[in-house]
Amino acid sequence: MSDITDFDIDVCIIDLREMPCLVPDAIKKAFLTYGITCQSKDSLPEIPHYAICLLDGKINVEKLHDFLKVLLEKGCKRTVGILYNNVNVDPAYVWQLLKCGISDVCKWESNSTEKCLISKILKWEKIEKTLQSGYIKDRLIGQCANWIAVLKQLIEFSVFTNGSGIILGESGTGKEMAAHLIHHLDNRENKKNLVLLDCTTIVPELSGSEFFGHERGAFTNAIASRDGAFALADNGTLFLDEVGELPPTMQAGLLRVIQEGTYKRVGSNNWRKTQFRLICATNRNLNTEVQSRNFRQDLYYRIATWTFRLPPLRERVADIPILAYHFFQKYFKGISPPPVDKLVLDYLIAKDYPGNIRELQHLVTRIASRYSGEGPITVGDIPENDRQSFAFHQEHLNGEFEKAMQKALSYGMDLKDIKELSADIAIDIVLKQEKGIVKNAAKRLGVTDRAIQLRLAGRRQKLPS
Ligand SMILES: Nc1ncnc2c1ncn2[C@@H]1O[C@H](COP(=O)(O)OP(=O)(O)OP(=O)(O)O)[C@@H](O)[C@H]1O
């Protein structure tokens with residue numbers, strides 16, 4: 001590492017020890033090789049992209065937290081701590097430092113610490129650069145911290161490992177887009193194709209052929225031999241969407257291929273080799289599926305080496321305006337989209353999106369397609385169907401409904417309890433209005449008769465005897 005001559009990343013050492021004396025010469029010298037100098041925390045000339053913080057075991061964690069917060073808010077990308085002169089550091093203290101926002105903590109060992117930190121910083125810088133790349137900026141829109149955090153994990157996984165991973169997330173949160181990103185960033189030599197397979201669409205009887213391929217005549221209608229997903233993904237990436245739906249026989253087959261790297265076409269006795277990066281996605285809780293024996297535990301552990309959770313849109317509401325702008329831009333293909341009235345933006349921000357980004361995209365497309373071509377996009381461009389539930393939401397947000405919610409929250413009810421209670425109240429009101437006729441109530445509430453009956457039965461069971 002010491003042969004790095006063109007290290008030009010903006011890094012500085014900041015002495016944050018509770019009782020600073022002079023930064024030890026050994027540290028100064030070691031980092032000066034890379035052009036890294038020491039700065040005082042009170043007179044930083046500029047906020048560095050990376051800060052190496054010199055710490056001791058006595059630092060006030062709250063003060064450190066505040067200092068790091070300011071650093072990170074002002075553009076510092078990561079901070080790392082060196083513990084100096086502390087041979088027996090309390091592990092709890094180190095975990096506290098990490099909680100404060102420090103990316104890593106190490107003890108000062110002359111001759112190796114600086115090399116270790118430089119290689120970490122080089123890696124982090126590569127991740128930051130990738131985050132700013134055109135591929136991501138044009139496709140994976142978002143600036144919320146939880147979205148950026150998962151993007152960074154995805155980049156690290158794609159660029160620095162060749163492992164398998166699983167992408168968790170509700171429908172429409174961008175799982176398939178994440179798979180494309182992983183394949184795009186994968187820097188394997190002679191990288192080949194990304195093969196996408198949606199496990200919900202696989203016919204169980206044909207699943208063997210779909211994955212392994214088949215020989216001519218292997219079964220009725222097998223008029224020609226054919227490659228399956230394992231062959232097509234060789235030297236590339238296999239993306240299995242909704243992996244929780246994989247038929248049990250295929251789960252065993254897949255495990256074998258991942259472990260051995262060999263498979264046989266249906267109707268053939270010859271072993272063939274394949275090697276691919278496996279990326280799976282699901283919006284199910286695979287842990288529960290494993291417990292209820294619907295999904296093989298051994299396969300789960302093989303594919304879940306790396307797990308990424310994409311946040312639903314409700315956890316990144318601040319991204320709605322830029323996502324909406326991105327979709328308007330897409331709709332108006334190249335020409336800059338018309339201005340969007342603030343009321344429309346407020347509407348987009350306040351709405352619920354069970355279908356996440358896909359649902360927002362479709363809504364924006366509907367709005368854009370109603371635009372007359374002059375002036376800004378206004379609330380009149382929002383289709384009538386889309387306005388109805390929202391109008392209710394707006395009317396009641398500041399009225400009785402909000403008061404009831406405040407009361408419920410003051411009793412310590414969580415969202416689940418609130419949802420349950422609201423559903424019960426709605427059912428009771430409609431049942432009363434429909435004179436106890438479940439069928440009519442169910443129709444009005446948009447659920448099945450059985451759903452209401454089960455709910456009523458559940459409530460009876462919960463009643464104290
Ligand atoms: N961060 C994002 N920026 C821009 N568009 C996005 C983003 N995330 C998702 N999309 C868009 O939302 C739509 C849904 O994305 P995608 O198909 O990747 O979701 P998914 O989680 O795989 O959905 P499903 O589980 O239903 O298959 C796509 O049209 C995609 O272009």
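This is a predicted model: local features need pLDDT of at least 70, side-chain atom pairs count only at pLDDT 80 or more; totals for chains, interfaces and linings use all residues.
Helix axes are lines fitted to C-alpha atoms over the stretch in contact, and angles run from 0 to 180 degrees between N-to-C directions.

**Overall architecture**

The protein contains 20 helices and 12 strands. Along the principal axes, its C-alpha atoms fill a box of roughly 85 × 70 × 65 Å. Of the 465 residues in the protein, 27% are buried. Among contacts with a separation of 6 or more, 75% are between residues 24 or more positions apart.

An unreviewed UniProt entry carries the annotation "domain: Sigma-54 factor interaction" for residues 140-369. In the model, this span is 43% helix and 13% strand, and the C-alpha atoms at its ends lie 23 Å apart.

The geometry of each pair is set out below.

| Pair | Residues | Angle | Axis separation |
|---|---|---|---|
| H4 and H6 | 113-131 and 145-160 | about 115° | 10 Å |
| H13 and H15 | 320-331 and 356-370 | about 50° | 9 Å |

*H4 and H6.* Helices H4 and H6 pack at an angle of about 115°. Angles of 65 to 115 degrees count as roughly perpendicular, and H4 and H6 are therefore roughly perpendicular to each other. The crossing of H4 with H6 is right-handed. On the H4 side, the contact is made by Lys123, Lys126, Ile127, Thr130 and Leu131; H6 contributes Leu151, Lys152, Ile155, Glu156, Val159 and Phe160. By class, the residues of this contact comprise 6 nonpolar, 1 polar and 4 charged.

*H13 and H15.* The axes of helices H13 and H15 are 9 Å apart, at an angle of about 50°. From H13, the residues Ile320, Leu323, Ala324, Phe327, Phe328 and Tyr331 take part; their counterparts in H15 are Ile357, Leu360, Gln361, Val364, Thr365 and Ala368. The contact of H13 with H15 consists of 10 nonpolar and 2 polar residues, with no charged residue.

**Summary of the contacts**

The H4 and H6 contact includes 4 charged residues, whereas the H13 and H15 contact has none.

Notes
Residues are numbered from 1 along each chain as its sequence is written. Helices (H or I, at least four residues) and strands (E, at least two) are DSSP runs, numbered from the N terminus. Two residues are in contact if their C-beta atoms, placed from the backbone, lie within 7 Å. Ala, Val, Leu, Ile, Met, Phe, Trp, Tyr, Cys and Pro count as nonpolar, Asp, Glu, Lys and Arg as charged, and the others, Gly among them, as polar. UniProt positions are given in the numbering used here, feature names are shortened, and annotations may be inferred rather than shown by experiment. A residue is buried if 20 or more other C-beta atoms lie within 10 Å of its own, exposed if 12 or fewer, and partly exposed in between; C-beta atoms are placed from the backbone. Angles under 35 degrees count as roughly parallel, over 145 as roughly antiparallel, 65 to 115 as roughly perpendicular and the rest as oblique. A crossing is left-handed if the near helix is turned anticlockwise from the far one by less than a right angle, and right-handed if clockwise.
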